[in-house]
Amino acid sequence: MEMTPRIGIFGGTFDPIHVGHLVAAVNTRHDLDLDRVVMMVANVPWQKAGERKVSPAEDRFEMVRTAVGDVEGLEASRMEIDRGGPSYTADTVAQYAALHPGAELFVIVGWDVGSELQSWERLDEVRDLASLVIVNRPGTPPPAGLRRQGWRLSQVTVPNLEISSTDLRARAATGRPLDYLVPGPAVRVIRERSLYSVSG
Ligand code: ATP
Ligand code: MG
């Protein structure tokens, strides 16, 4: 039994999941000595809704679940899907804090998301309950001023992987390969469920 578990929460739309997400997750777990990192699949990614069609949450969860496989210390969570409604990290960290009293919680974000935190709902509640972990992501500048805003902050450095779900959806739609950018089991889910196809 973990006494005071150190839990990383890595939220995303994961539409689809790719190796950029997974490399960030496993390196954060290693560098910060976390017991586990939870890939938290957003139910309704409220900041993306309306901008484009987001794949059904169950399809995105299945891609994440199969991509994670049995990698030690990594897991896929359906907490936000099961909670329903828009997915706010404030609610998720509160739920983890209640489920695991005394646990140390770490919210993991890439540079792009780290620069947009001001738009989050009830940001102060996230800051009270969790530390923030920033992972480098090419194509976007590092976030500034986070310590000044009162965050307990860590930076994890990973190999720069210029991969995005946006580009992968475009690849899939034009028949270009996703292999090695997306883990094989998740590619199979995409094929079986005809996700991202022009016709489908
Ligand atoms: P989209 O293009 O649809 O926004 P995405 O590739 O940005 O997809 P998200 O699900 O939006 O993926 O991102 C989830 C989290 O993963 C965010 O914190 C994001 O910054 C981080 N992330 C995504 N891709 C990378 C990458 N290549 N390297 C480091 N972090 C990444
Ligand atoms: Mg994104």
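This is a predicted model: local features need pLDDT of at least 70, side-chain atom pairs count only at pLDDT 80 or more; totals for chains, interfaces and linings use all residues.
Local features are reported at pLDDT of at least 70 and side-chain atom pairs only at pLDDT 80 or more, while totals for chains, interfaces and linings use all residues. Residues are numbered from 1 along each chain as its sequence is written, chains are lettered from A and ligands numbered from 1 in the order in which they are written, and side-chain values use heavy atoms, with hydrogens and water left out.

The loop between β1 (6–12) and α1 (19–31) holds P16. Helices (H or I, at least four residues) and strands (E, at least two) are DSSP runs, numbered from the N terminus. The peptide bond that joins D15 to P16 is cis, and its omega is near 5 degrees. F14 is found in the loop between β1 and α1, and its phi is positive, near 55 degrees, in a residue other than glycine. With a relative accessible area of 2%, F14 is buried. Here buried means under 20% relative accessible area, exposed means over 50%, and partly exposed is in between, using a 1.4 Å probe and protein chains only.

R122 also is not a glycine and has a positive phi, of about 45 degrees. R122 sits in the loop between α5 (111–114) and α6 (123–129). Its relative accessibility is 31%, so R122 counts as partly exposed.

Helix α2 comprises twelve residues, 57–68. The expected span of a helix is 1.5 Å times one less than its number of residues; for α2 this gives 16 Å, and the end C-alpha atoms are 16 Å apart, which agrees. Ten of the twelve residues of α2 are buried, so the helix is mostly covered. Among them are F61, M63, V64 and V68, together with the charged residues D59, R60 and E62. The cover over the buried residues includes α1, β2 (36–41), β3 (74–77), α3 (79–83) and α8 (184–192), where contact means heavy atoms within 4.5 Å. Just after α2 comes G69, with a positive phi of about 55 degrees.

Which residue forms a salt bridge with E58? The partner is R78, with the closest N and O atoms 2.9 Å apart. E58 is in helix α2 and R78 in the loop between β3 and α3, so the pair links distant parts of the chain, 20 residues apart. A salt bridge is a side-chain nitrogen of Lys or Arg within 4 Å of a carboxyl oxygen of Asp or Glu, and by this rule the count comes to twelve. E58 is partly exposed, at a relative accessible area of 40%, and R78 is partly exposed at 27%. A network of salt bridges links E58, R78 and D82.

Another salt bridge joins R171 and D167, with the closest N and O atoms 3.5 Å apart. Because R171 and D167 are four residues apart in helix α7 (residues 165–173), about one helical turn separates them. An α-helix has 3.6 residues a turn, so residues three or four places apart point the same way. D167 counts as partly exposed, at 34% relative accessibility.

The side chains of D179 and R191 meet in a salt bridge, at 3.8 Å from N to O. D179 lies in the loop between α7 and α8 and R191 in helix α8, so the pair ties together parts that are twelve residues apart in sequence. D179 counts as partly exposed at 38% relative accessibility, whereas R191, at 55%, counts as exposed.
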